[in-house]
Amino acid sequence: MNSLEEGERVELTVGAPAHGGHCVARVGGEHGQVVFVRHALPGERVTAEITELHKGFLRADAVEIHEASADRVEPPCPYARPGACGGCDLQHASGEAQRRWKASVVEEQLRRLAKLRREVHVEELPGGLLGWRSRVRYAVDAAGRAGLLKHRSHEVVDIDRCRIAHPAIQKLDLLRREWPEADALEAVATTGGDVTVLARPTGTGGLLPPDDPAEGTTLGGGGRQLVEGPAEVTERAAGRTWRVPPEGFWQVHPAAAETLVAAVVEMLRPAEGESMWDLYGGAGLFAAAVAGHTHGRTTVVESSSAGVASARTNLADLPHAEVVQARVDSALLRRRVTGPVDLVVLDPPRAGAGAKVVRAVVAAAPRAVAYVACDPASLARDINTFQELGWRLTALRAFDLFPMTQHVECVALLSRS
C-alpha cells in the first residue's frame, strides 16, 4: 500500500532511465517504493512531487534539482516542465545524453525480454534537436483554443509555438486562431515543400489520444476537413517522389524515410530476382527500395485503405508489385500471401508484430528479415520469439528519429541460425 499521497513531495536520488521517458528511483532506499520520475537525469538528487498512485509504483515529477547531472541543460522550450506540455520528455538533457539514454533503454529491453547482451549506439540524424517534426497534432480545448496535451492527460496546454515542429508549421497561425467547431488539428509539412492543415470537427472522434511522435499517425476518427493546403502531398525518399494523403502514415522526421531505407537495404543486401514481402507496408516505401535491387515479385500488405490506395498509386511502375489490403496477421494466417519468399520487411505499429506474425514469417522460410521498430520493448519481445524458433539477431542499428522525446527507432536484421 502506498504511504505517500498525490501532490506530496519527497527527496529522491535518481537511478537509471527506464522505458517510458522517466528514471527509476526508490523511496527510502534500495528496497523502498518504486517511483518513476520525469524531468530528472540519472544520478541527480531531486525533490519530486507525486503525480499518480499505482499498486506497486508511483509516478512523480522532479520539481527541484539539488544535485544536477553534468548532462543537464536548460530546456529551450518554456513548456517543457512539470505540469505543462507532455510532448517532449528529454529537453533537460544534452543531445549526446539523450542518445545515451535511449541506447541504455534499448539495451535494457533486449537484456530483459530477449536475454541478449548487446551494446547499442543511437545514431544522430541531420538537422539538430529542434524544428524536425513534420507532423504535429494539436488538441482543441472547450474554448476553441488549440494547444498540446499535458503528460498522461487530456488537458490542453496553451502554447505560443512548438519548438520541435517543422519551421513551416511554426509559421502557421493555428495557435492564434479560435476553433469553435474542431476537436483537433493536424499540421503537415512535407519534404516536397507542401504544407497542409486538417481539422477534425467537434463530436466526430471522441477524446484525442495522447500524442506519440513515434507512431507518425494523424487524426483518429472520420470526418476530417481540409483547412488549407493540398489534399494530396508530396514526399521525396528512396530516389522517388511519393504522392500521399496528408492523413496517411509517413515518418515525422524529414530525414527518417531515407535513413531507414538505407539501413534496410544495407542489411538485407537484396539480390537480382529475389522476392520480398513488405508487411505493414504503408505507402510501399521499403517495397520500392528493395524492388529497385531485386526486380522480383514484391508484395505489400497494409490494412489502411488510405495506405493501400497510396501504395497502389506509387508502385504502379513496378510490374511485379502487388498490394494486399488486409491485417498482416489475417493475410498470413489465411494465406492471402504465401511463401516461399526471400526477404521480409516488418514495420509494425508500436505494439509490435506479435508471436503469430513472427511464426508465420518464419514458416515462409525467408533468407532474412529486416524489422523496423519504434518501440524497443515490442522489438525485444518479437526478437525473443524469433530466437525460440531458431533464428538470431545478426545486426542492430538505432536512430534518434525523435529528438527531445524518449522515442527511438531501431532496425534489426534477423536470420536463421
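Hi everyone. Before the first residue pair, one definition: two strands pair if DSSP finds at least two bridges between them. Please keep in mind that what we have here is a predicted model.

Leu12 has Val46 in β5 as its bridge partner. That contact belongs to a set of 5 bridges between strand β1, residues 9-13, and strand β5, residues 45-54, and the two strands run antiparallel. On to β6, which covers residues 57-67: β5 is joined to β6 by 9 bridges, again antiparallel. β5 and β6 make a hairpin with 2 residues between them, and in the turn you will find Gly56 with a positive phi of about 100°.

Which side chain meets that of Arg9 in a salt bridge? It is Glu49, with an N to O distance of 3.1 Å. This pair links distant parts of the chain, since Arg9 sits in strand β1 and Glu49 in strand β5, 40 residues apart. Arg9 is partly exposed at 46% relative accessibility, and Glu49 is partly exposed too, at 26%. There is also a network of salt bridges here, linking Arg9, Glu49 and Glu64.

Over the whole structure, the search finds 26 salt bridges. Another one of them is between Glu124 and Arg99, where the closest N and O atoms are 3.6 Å apart. Here too distant parts of the chain are linked: Glu124 is in the loop between β7 and β8, Arg99 is in helix α1, residues 95-114, and 25 residues separate them. Is each partner buried or exposed? Glu124 is exposed, with a relative accessible area of 53%, whereas Arg99 counts as buried at 16%. One more for your list is Arg145 with Asp141, at 3.2 Å from N to O. In that pair, Arg145 is partly exposed at 44% relative accessibility, and Asp141 is partly exposed at 21%.

On to the cysteines. How many disulfides does the count come to? The count is 0. Take Cys77: the nearest cysteine sulfur is that of Cys85, 6.5 Å away, and the cut-off for a disulfide is 2.5 Å, so Cys77 is in no disulfide. Cys77 is buried, with a relative accessible area of 10%. Cys374 is in no disulfide either, with the sulfur of Cys410 as the nearest one at 9.7 Å. Cys374 is buried as well, at 8% relative accessibility.

Last stop, the open sheet. It is formed by 8 strands in the order β7-β21-β22-β20-β19-β16-β17-β18, with mixed pairing. The edge strands are β7 and β18, each pairing on one side only. Within this sheet, zoom in on strand β21, residues 391-399, and strand β22, residues 409-416: 8 bridges join them, and they run antiparallel. Phe399 has Glu409 in β22 as its bridge partner.

Which helices pack on the sheet? One is helix α4, residues 285-294, touching β16, β17, β19 and β20, and its direction makes about 170° with that of β16. Another is helix α7, residues 355-363, which touches β16, β19, β20 and β21, its direction making about 165° with that of β19.

Technical notes
Residues numbered from 1 in each chain as written. Predicted model: local features only at pLDDT ≥ 70, side-chain atom pairs only at ≥ 80, totals over all residues. Heavy atoms only, no water. Helix = DSSP H or I, 4+ residues; strand = E, 2+ residues; numbered from the N terminus. Buried < 20%, exposed > 50% of the residue type's maximum accessible area, 1.4 Å probe, protein only. Salt bridge = Lys/Arg side-chain N within 4 Å of Asp/Glu carboxyl O. Contact = heavy atoms within 4.5 Å. Axes fitted to C-alpha atoms, helices over the stretch in contact; angles between N-to-C directions.
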